[in-house]
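Work through the exercises below with the model open. Each task is followed by its solution.

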Amino acid sequence: MPEHPLSEKPLPEQGPPPFRRVLVKLSGEALAAPDGYWLHPPTLAALADDIVRAVGEGFQIALVVGGGNVIRGARVSAAGWIDRATGDSLGMMATVMNSLALETALNAAGVTARTMSAVSMPTICETYARQPALHHLDKGQVVVLAGGTGNPYFTTDTAAVLRAAELKCDAVLKATQVDGVYSADPKTNPDAVRYDRLSHDEAIARDLKVMDTAAFALARDGGLPLIVGSVHAPSSVTAILTGRAPSTLVAP
């Protein structure tokens, strides 16, 4: 499946979106440079412009970004030279690095952003707490939530759903490598079918890998809709949230 570069293009008019407060989950790899360097400034700038546009259209945005462009705790622990809890701690620190980079890009693009970490780093950023985070969102600021859940053995997908539930978000948008949830990997299987809508139970029963089972189950138990779309689409976040780009809705 071809990928489209991030770019700014006019979007057609459409009716009001069904969601207002949304947590956007990004992979760390979405920030990486084509040559493999962990950060790509043009991509950061394009993502920031997209988030600013979404805020301008009336959305309240929280962000969770992974750390896979820096290190994957589960992978290094599987290699046998480090234990899983320590590997996951390294991954949590990687998410703080990515979050600070996103915060900087967002502030430069014209929206106030605050990084809040579940792993306390008071000399670097705010420590995550629910009430201050809600206050920032109510003021129209973008909250970048770092450090995962603050505990090992939990993915940033699970952290995203947890924070969305805590912060009374209307939905979680997972901006990923493909434009929705497929029956198989569309990059390797040309017969893969994209779903327009699924229930949480269907996603779990079919073992669809776009999010881990714990994240799906937590979203199901909280009645929280999940939207899955491509981070590579032009103005991806705004386009997906307003229904102007293809996506899959996972909802009760």
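**Exercise 1.** Which strands does helix 1 lie across?

Solution. Start with helix 1, residues 41-56. Helix 1 lies across strand 1 (21-26), strand 2 (60-65) and strand 5 (142-146). Its angle to strand 2 is about 150 degrees. Axes are lines fitted to C-alpha atoms, for helices over the stretch in contact, and angles run from 0 to 180 degrees between N-to-C directions. Next, take helix 5 (residues 156-166), which packs on the sheet and touches strand 1, strand 2, strand 5, strand 6 and strand 10. The direction of helix 5 makes about 170 degrees with that of strand 1. Helices (H or I, at least four residues) and strands (E, at least two) are DSSP runs, numbered from the N terminus.

This is a predicted model: local features need pLDDT of at least 70, side-chain atom pairs count only at pLDDT 80 or more, and totals for chains, interfaces and linings use all residues. Residues are numbered from 1 along each chain as its sequence is written, and side-chain values use heavy atoms, without hydrogens and water.

**Exercise 2.** Give the strand order of the open sheet and find its edges.

Solution. Nine strands follow the order 4-3-5-2-1-6-10-11-9, with mixed pairing. Pairing takes at least two DSSP bridges between two strands. Strand 4 (126-127) and strand 9 (197-198) are the edges, each pairing on one side only. Inside the order, strand 6 (residues 171-176) and strand 10 (residues 226-230) run parallel, joined by five bridges. Leu173 has Ile227 of strand 10 as its bridge partner.

**Exercise 3.** List the contacts of Leu26 beyond its neighbours within four places in sequence.

Solution. Contact means heavy atoms within 4.5 Å. Leu26 then meets Leu47, Leu63, Val64, Val65, Gly66, Leu102, Ala175 and Val231.
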